[in-house]
Amino acid sequence: MFTKTSEQKYAGKLAVLYEGQGDILAFQKLADSLLVPLYQSLDADIPENLFLSWRAGCLKLFDRELLNRKKGGLTVDIEPRNGEQRSWPAPKQGALAQALGRKTRTVIDATAGWGQDSMHIFRMGYEILCIERSPVMAELLLDGFSRLNQQYWMQQLHLQSPPLLIGNAIDLLDNLETRPDCIYLDPMFPLKRKKSALAKKSMMILRDLLGDDQDKEQLFAAALAATRKRVVVKSPDYALPIGGQPNESFQGKLLRYDVYFKG
Ligand SMILES: C[S@@+](CC[C@H](N)C(=O)[O-])C[C@H]1O[C@@H](n2cnc3c(N)ncnc32)[C@H](O)[C@@H]1O
């Protein structure tokens with residue numbers, strides 16, 4: 001067993017797991033950069049409940065249940081969502097596109113997370129920049145974006161995956177060289193019920209790892225100050241709008257996109 005003292009925010013929660021697959025140096029580097037322990041295998045006395053590991057060429061996040069499944073593990077999915085057209089750019093349709101606005105060309109996704117909204121926005125042909133403050137999610141995103149760059153269609157079309165800034169968007173948005181037409185926010189809201197059967201596993205694990213985003217109102221203020229035209233906030237349908245009465249609202253399945261125009 002290889003261990004390293006973990007004194008940071010992931011202490012006791014997260015570790016990197018090697019499992020004898022590939023070059024251990026990459027695993028060691030990842031563990032060192034996140035200041036978490038590296039283990040060779042999952043022994044009974046290991047206290048952490050979440051693990052990062054590469055399986056089948058993807059960096060994945062596991063809880064103990066997912067580790068036991070052959071095809072388990074959560075990764076940044078680079079495939080189009082169900083019902084999404086596979087061409088690029090895909091048609092700008094649906095509640096998300098309506099919220100982003102017909103005249104929008106450039107978007108910052110300031111809460112990239114698992115990158116699913118970023119990927120959707122990218123596939124619809126918007127120019128997008130991503131921001132993520134969690135170093136773990138940033139590692140998963142970088143892995144996903146590098147797999148995206150290797151896709152045949154991306155290379156054929158001379159496309160590059162979205163750039164990623166790692167850090168707190170509240171600070172980063174204050175120092176932008178170029179303002180985007182739209183800033184998109186999808187912070188973590190408290191759950192309505194303690195354990196929602198409807199919450200996706202990927203979001204439950206993200207919540208276990210990071211907790212709710214307590215500074216959403218500050219993030220919203222920073223986004224409104226930094227955008228050229230609008231801020232879009234995705235929120236669960238039960239939550240109050242974080243910026244007061246929105247100018248427009250578009251309903252999705254169990255969620256809402258609240259749109260705020262720059263005054
Ligand atoms: C609910 S998840 C976003 C999910 C994402 N929209 C998707 O499609 O996968 C929220 C993410 O925003 C990030 N986040 C929240 N506030 C942030 C901030 N101020 N700066 C940067 N990232 C932030 C969290 O770390 C978390 O990964």
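View 1. Phe-220 is buried, with a relative accessible area of 8%, in a model that is predicted. Tyr-260 also counts as buried, at 4% relative accessibility. The rings of Phe-220 and Tyr-260 form an edge-to-face aromatic pair, with 4.7 Å centre to centre and 70° between the planes. Phe-220 belongs to helix α9 (residues 216–226) and Tyr-260 to strand β11 (residues 255–261), and the pair thus links distant parts of the chain, 40 residues apart.

**View 2. The aromatic cluster of Tyr-18, Phe-27 and Trp-54.** These three residues form one aromatic cluster. A search of the whole structure finds 3 aromatic pairs. One of them joins Phe-27 and Trp-54 in an edge-to-face arrangement, at 5.0 Å centre to centre and 80° between the planes. Because Phe-27 lies in helix α1 and Trp-54 in strand β3, this pair ties together parts that are 27 residues apart in sequence. Phe-27 has a relative accessibility of 3% and counts as buried, whereas Trp-54 is partly exposed, with a relative accessible area of 24%.

**View 3. The open sheet formed by β1, β2, β3 and β4.** The 4 strands are arranged in the order β2-β1-β3-β4, with mixed pairing. Strands β2 (38–39) and β4 (58–63) stand at the edges with a single partner strand each, so one side of each has no neighbour in the sheet. Strand β3 (residues 50–55) pairs with β4 in the antiparallel sense over 6 bridges. Within this pairing, Ser-53 has Lys-60 of β4 as its bridge partner.

**View 4. Helices α1 and α5 against the strands.** Helix α1 (residues 24–34) lies across β1 (14–17), β2, β3 and β4, and runs at about 150° to β3. Helix α5 (residues 135–149) lies across β1, β3 and β4, running at about 140° to β4.

**View 5. The chain as the setting for the close-ups.** The chain contains 9 helices and 11 strands. Its C-alpha atoms fill a box of roughly 55 × 45 × 35 Å along the principal axes. Of the 263 residues, 50% count as buried. Among contacts with a separation of 6 or more, 63% are between residues 24 or more positions apart. The chain exposes about 13800 Å², of which carbon and sulfur atoms supply 50%.

Note on methods. Residues are numbered from 1 along each chain as its sequence is written. This is a predicted model: local features need pLDDT of at least 70, side-chain atom pairs count only at pLDDT 80 or more; totals for chains, interfaces and linings use all residues. Side-chain values use heavy atoms; hydrogens and water are left out. Two strands pair if DSSP finds at least two bridges between them. Helices (H or I, at least four residues) and strands (E, at least two) are DSSP runs, numbered from the N terminus. Contact means heavy atoms within 4.5 Å. Axes are lines fitted to C-alpha atoms, for helices over the stretch in contact, and angles run from 0 to 180 degrees between N-to-C directions. Buried means under 20% relative accessible area, exposed over 50%, partly exposed in between (1.4 Å probe, protein chains only). Accessible areas come from the Shrake-Rupley method with a 1.4 Å probe; for residues, only the protein chains shown count as cover. Rings of Phe, Tyr and Trp (its six-membered ring) pair if their centres lie within 6.5 Å; planes under 30 degrees apart count as stacked, over 60 as edge-to-face and the rest as tilted.
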